Amino acid sequence: MKEEKAYKLLAKQEGISNNEAKDLIDAGLVSARGMKVFLARGLVSETTEFRVSRFPKPVKIFEDENIVAINKPPFMTSQKVASEFKYPLLNRLDKETSGVVLLYKNEEFRQVAIKEFATNKVEKVYLAIVKGIVVEDFSVELPITTIKTKSGAFSKIDLSRGKTAITHVSPLMVEGKKSLIKIVIETGRTHQIRCHLSHAGYGVVGDEKYAKSSANRMYLHSYETSLLGYKFRAHLDRSFCAYSFEPPKEFMHK
């Protein structure tokens with residue numbers, strides 16, 4: 001049986017360039033035989049049929065002389081957003097997380113905004129679908145330590161040496177054994193929400209690193225960010241509608 005590199009075969013099937021095919025696989029958007037394809041250069045049978053998931057492109061929410069706010073789709077890096085809109089990053093989201101990403105247009109504004117982030121004055125609201133039934137508000141106030149590994153950053157609860165991390169959770173909807181929740185974070189530690197929710201027993205659906213959960217995307221979305229008198233909202237797209245959830249209309253694109 002003849003074999004071919006996954007990205008080359010995908011390029012042929014989709015009628016796209018090899019680089020475009022590599023990007024799709026690296027973004028986690030390609031599956032075959034019901035399994036996600038992870039290695040662009042991995043060998044697969046020439047009879048393999050791929051399935052490609054498509055997600056919206058990044059959308060500009062707001063722009064003025066200081067700042068540009070973007071609604072980032074899942075599976076796109078924050079750096080890719082910055083490159084596409086040609087301004088440097090003020091904040092970042094994990095590649096798998098969708099929602100508000102901010103770019104700055106002048107150094108003076110960046111310096112002021114960075115102080116707001118450093119002193120935890122930036123208000124951040126997230127939405128997530130998690131495993132388990134959440135029916136009451138709760139908070140997680142446990143310190144976090146982040147370590148660098150070959151596969152990227154990994155955060156864990158560390159009572160002795162961790163940095164302060166505070167996460168507040170409110171239930172919105174329950175369907176079966178999954179819940180749609182709203183999250184407000186007072187601090188901005190690496191992977192804070194994913195780490196805290198997993199520790200609390202409510203891992204984010206699609207979070208393979210902390211919740212050991214596989215899905216067509218990670219269901220974590222940065223919905224609202226407020227700083228220096230600005231308030232930016234990134235409404236959900238249809239990719240967030242899953243597991244019989246139909247999020248409240250206020251959170252959805254009109």
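Accessible areas here come from the Shrake-Rupley method with a 1.4 Å probe.

**View 1. The whole protein, as a predicted model.** Welcome to the overall picture: the protein exposes about 13,600 Å², and carbon and sulfur atoms supply 50% of that area. Five helices and 16 strands make up its secondary structure. With a radius of gyration of 19 Å, close to the 18 Å that the globule rule gives for 254 residues, the protein is as compact as a globular protein of that length. The C-alpha trace spans about 60 × 45 × 40 Å along its principal axes. Of the 254 residues, 49% count as buried. Take the contacts between residues at least 6 apart in sequence: 57% of them join residues at least 24 apart.

**View 2. Helix α2 and its buried residues.** Here we look at residues 18-26, which form α2; within this helix, A21, K22, L24 and I25 are buried. These four lie on the same side of α2, because they cover an arc of only 160 degrees around the axis. What do the buried residues of α2 pack against? Their neighbours are helix α1 (6-14) and the strands β2 (30-32) and β5 (50-52). Just after α2, look for G28, which takes a positive phi of about 80 degrees.

**View 3. An open sheet of three strands.** In this view the strands follow the order β3-β2-β5, with antiparallel pairing. The edges are taken by β3 (35-36) and β5; each has a single partner strand, so one side of each is left without a neighbour in the sheet. Helix α1 packs on this sheet, where it touches β2 and β5, and its direction makes about 70 degrees with that of β5. Two bridges join β2 to β3.

**View 4. A closer look at S31 in strand β2.** Is S31 buried or exposed? Its relative accessibility is 18%, and buried means under 20%, so S31 counts as buried. Which residue of β3 is the bridge partner of S31? That partner is K36. K36 is also one of the residues that S31 touches, along with V37, E49, F50 and R51, leaving aside residues up to four places away in sequence.

Technical notes. Residues are numbered from 1 along each chain as its sequence is written. This is a predicted model: local features need pLDDT of at least 70, side-chain atom pairs count only at pLDDT 80 or more; totals for chains, interfaces and linings use all residues. Side-chain values use heavy atoms; hydrogens and water are left out. Buried means under 20% relative accessible area, exposed over 50%, partly exposed in between (1.4 Å probe, protein chains only). The arc is that of the directions from the helix axis to the C-beta atoms. Contact means heavy atoms within 4.5 Å. Two strands pair if DSSP finds at least two bridges between them. Axes are lines fitted to C-alpha atoms, for helices over the stretch in contact, and angles run from 0 to 180 degrees between N-to-C directions. The radius of gyration is taken over C-alpha atoms; the globule rule is 2.2 Å times the number of residues to the power 0.38.
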